[in-house]
Amino acid sequence: MSKPTRTLGLAAAAAGMVATLPASASPASAIAPAARTLYKSETINGLKVFYREAGDPTLPTIVLLHGFPTSSHMYRDLIPALAGRFHVIAPDYIGFGQSDAPAANTFTYSFDNLTAHVTGLLDRLHLTSYLLYMQDYGGPVGFRIFAARPGQVKGLIIQNANAYLDGVGDMPKQVFLPLWERRDATTEAAARNFLKPETTRFQYAFGARDPEAISPDNWTIDQALLDRPGTEAYQLDLLENYKTNVALYDSWHAAFRKYQPKTLIVWGKNDPFFIPAGAEAFKRDLPKAKLVWLDGGHFALEENVALVAHEIDLAFAGE
């Protein structure tokens, strides 16, 4: 076939393909994914709160609350896995990810304040009914929201997030109990180890089913944010302030018993920080909770997105 003839043939084939599309479709929309993730921000109490959003807002909403030292980036694969059946919102806390990170001397870094900016975002988006997915730091943020707004929270999904001292492993106890008792140069030095590159990588790799399947983008991105000037100061403030979460445990347990939210627990069974006993402990106050063990560590979602999405569908899709 000569070049002009071949060109005409390709043009005709392309025209025929377009002709077979629905009238409302275009070639671009025909190959576009069913649900895109959008990257947005809102100004809450004078600070930018970044969030990821996907899915139809008329569907049930899931709010994904990330852990330490990461951001909504940890949910980058779960969001599209859920977006066909749910409306998904994943914010970055102040000081994390793409949200504003004011200096520690201009903003009080506490779990109360992190929560206030998340609830401010939920209010700005007019969200009054949602499920909460919580990992690590997401627990103290989410449980505060649940205790304050039990009528809005339609269910809990808990992934390696503690509300019981049973779940605190020996490693964090050795570091944080002295820091909570007395903050000084010695206890701060021990806590700084949690901000080092080797610890960040360890949190992802230890306990993984296949460490080579964990993208190094995770700890590279997290560490780049931890290493920003001024970040160490406010991260230490938050590590000390974590004791306020422990002080609220009894009140959270009382809220669990009173309201009995539908609960799914998906827990990385090899987590050295938040150990399996912490998952079992929820059953004391939430006896109907479903507990699913994940073959993974602290960030078990990295290798178990499909399973977690399936369990969420079974528990909550269509509600």
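**View 1. Packing of H4 against H5.** H4 and H5 pack with their axes 9 Å apart, at an angle of about 60°. That angle makes H4 oblique to H5. The crossing in which H4 passes H5 is right-handed. On the H4 side, the contact is made by Phe111, Asp112, Leu114, Thr115, Val118, Thr119 and Leu122. On the H5 side, Pro140, Val141, Arg144 and Ile145 take part. By class, this contact of H4 with H5 has seven nonpolar, two polar and two charged residues. The model shown here and in the other views is predicted.

**View 2. Burial of helix H5.** Helix H5 spans residues 138-148 and is largely enclosed by the rest of the structure, because nine of its 11 residues are buried. The buried residues are Gly138, Gly139, Pro140, Val141, Gly142, Phe143, Arg144, Ile145 and Phe146.

**View 3. The largest nonpolar core.** This core has 59 residues, of which Leu132, Tyr137, Phe143, Ile158, Phe256 and Phe282 touch the most other members. Helix H4 (residues 111-124) contributes the largest share of the core, five residues. Apart from this core lies another, of 32 residues, including Met74, Leu131, Tyr204 and Ile214. In soluble globular proteins, nonpolar side chains tend to be buried together.

**View 4. Surroundings of Phe256.** Leaving out residues up to four places away in sequence, Phe256 touches Phe143 and Phe146, and also Leu156, Ala163, Tyr164, Pro261, Phe282, Asp285 and Leu286.

Conventions
Residues are numbered from 1 along each chain as its sequence is written. This is a predicted model: local features need pLDDT of at least 70, side-chain atom pairs count only at pLDDT 80 or more; totals for chains, interfaces and linings use all residues. Side-chain values use heavy atoms; hydrogens and water are left out. Buried means under 20% relative accessible area, exposed over 50%, partly exposed in between (1.4 Å probe, protein chains only). Helices (H or I, at least four residues) and strands (E, at least two) are DSSP runs, numbered from the N terminus. A nonpolar core is a set of buried Ala, Val, Leu, Ile, Met, Phe, Trp, Tyr and Cys residues joined through side-chain atoms within 4.5 Å. Contact means heavy atoms within 4.5 Å. Axes are lines fitted to C-alpha atoms, for helices over the stretch in contact, and angles run from 0 to 180 degrees between N-to-C directions. Angles under 35 degrees count as roughly parallel, over 145 as roughly antiparallel, 65 to 115 as roughly perpendicular and the rest as oblique. A crossing is left-handed if the near helix is turned anticlockwise from the far one by less than a right angle, and right-handed if clockwise. Ala, Val, Leu, Ile, Met, Phe, Trp, Tyr, Cys and Pro count as nonpolar, Asp, Glu, Lys and Arg as charged, and the others, Gly among them, as polar.
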